[in-house]
Amino acid sequence: MRLAIVGYGKMGKEIERLAIERGWNVDIHIDIDTPPVTKAQRENIDVVIHFATAKNIINDLTPWAEAHKPIVVGTTGWQEQLQSIKTLVTKNQIGLIYASNFSLGVNIFFHLIKTASQMMDKFEDYDAFIQEIHHKNKIDSPSGTALTMGQIILENLRRKKELLNETSHNKIRPEQLHISSTRSGTVVGTHTLAFDSAADSIELKHTAKDRSGFALGTLFAAEWIRDKKGLFTMDDAFQDIFNQGNR
Ligand SMILES: NC(=O)c1ccc[n+]([C@@H]2O[C@H](COP(=O)([O-])OP(=O)(O)OC[C@H]3O[C@@H](n4cnc5c(N)ncnc54)[C@H](OP(=O)(O)O)[C@@H]3O)[C@@H](O)[C@H]2O)c1
């Protein structure tokens, strides 16, 4: 496997370390000041991985899409550009997989949240909220993972109808699902979903210990997307694993 990594920060470096460990080649890594990649260099790449910033994502991905290369997007904070990403995928007939969190553990966590929300849908005494904590250098807030958790809850817990991501200076409405964010220190990423009633409280919590979980999931996604066409999320790749298990 020959990779190009766009964004050579904490995640880009961890992905490169683990890719090399498994005998893959990282032929290109692009940072903000890297000279433009030539067409010939681009041709040799099997999969492109984007872990940079959301601001230039369409410009970053366009030349790779036009070269018909499959793409893995780990960068978060670009949800309002989803339509442009869809157009890029359709126009160039490529495969693109994105996820707010590629970690295997978090994707299992998402499935637990779905099941828990479906159960809690039948127990009206329990209210729900989300808390997330990340290192002080994280640029987007709330985290993409917390937003995905919120979407899963909105789809499965019918009494919650909208997300409240900002500080509330008034009483929260019952149909709002509050997501609170804390930024401090070096915390890799902690996400909690709590169900609270007058009698007790139930918490589902995921704590990332280092970045290797994200990087391993990203490499899994790179292998998965290699021969596919269309727009996918990690949930599609996960369903594939479950379906294989049921065969
Ligand atoms: N999906 C997941 O599983 C997952 C997991 C962890 C993080 N993330 C997301 O991945 C992104 C990167 O995280 P990180 O922790 O690696 O951040 P980081 O350490 O700040 O790295 C980002 C890197 O990308 C570079 N960059 C910015 N714009 C670029 C561009 N247009 N072209 C090429 N390189 C560019 C930055 O350069 P400068 O420093 O020079 O600006 C920096 O080196 C964030 O959006 C984060 O939320 C996703």
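Reader: Which residues does Leu 164 touch, not counting residues up to four places away in sequence?
Author: Keep in mind that this is a predicted model. Leu 164 has its place in strand 7. Leaving out residues up to four places away in sequence, its contacts are Ile 172, Gln 176, Leu 177, His 178 and Ile 179.

Reader: Is Leu 164 buried or exposed?
Author: The cut-off for buried is under 20% relative accessible area. Leu 164 has 13%, so the residue counts as buried.

Reader: And how far apart in space are Leu 164 and Lys 122, C-alpha to C-alpha?
Author: Along the sequence, 42 residues separate Leu 164 from Lys 122. In space, C-alpha to C-alpha, the two are apart by 23 Å.

Reader: Okay, over to Lys 160. Where does Lys 160 lie, and is Lys 160 buried or exposed?
Author: Lys 160 sits in the loop that runs between helix 6 (144-156) and strand 7 (162-164). Its relative accessible area is 3%, and the cut-off for buried is under 20%. So Lys 160 is buried.

Reader: Which side chain makes a polar contact with the side chain of Lys 160?
Author: Let's go through the partners. The Lys 160 side chain reaches a backbone atom, the oxygen of Pro 174, at 2.9 Å. Residues that Lys 160 touches include Ala 128, Leu 154 and Gln 176. The side-chain partner in a polar contact, at 2.7 Å, is Asp 127.

Reader: Zooming out, how is the protein chain divided, and how far apart do the C-alpha centres lie?
Author: Domain 1 covers 2-102 + 212-246, and domain 2 covers 104-207. The distance between their C-alpha centres is 27 Å.

Reader: How much area do domain 1 and domain 2 bury between them?
Author: Each domain brings 14 residues to the contact. Of the buried area, 57% is on carbon and sulfur atoms. The total that the two domains bury between them is about 1,000 Å².

Reader: Which three residues supply 46% of the area that domain 1 buries against domain 2?
Author: No other three residues on the domain 1 side supply more. The trio is Ser 100, Asn 101 and Phe 238.

Reader: Which element gives the most to the side of domain 1 that touches domain 2?
Author: Two elements give two or more residues to that side: helix 7 (212-225) and helix 8 (234-246). By class, the side has 5 nonpolar, 7 polar and 2 charged residues. The element that gives the most, with 5 residues, is helix 8.

Methods: Residues numbered from 1 in each chain as written. Predicted model: local features only at pLDDT ≥ 70, side-chain atom pairs only at ≥ 80, totals over all residues. Heavy atoms only, no water. Helix = DSSP H or I, 4+ residues; strand = E, 2+ residues; numbered from the N terminus. Buried < 20%, exposed > 50% of the residue type's maximum accessible area, 1.4 Å probe, protein only. Polar contact = N/O pair within 3.5 Å; in protein donor to acceptor, adjacent residues only side chain to side chain. Contact = heavy atoms within 4.5 Å. Domains from an automatic or database assignment. Buried area = accessible area lost by both parts, 1.4 Å probe. Nonpolar A, V, L, I, M, F, W, Y, C, P; charged D, E, K, R; others polar.
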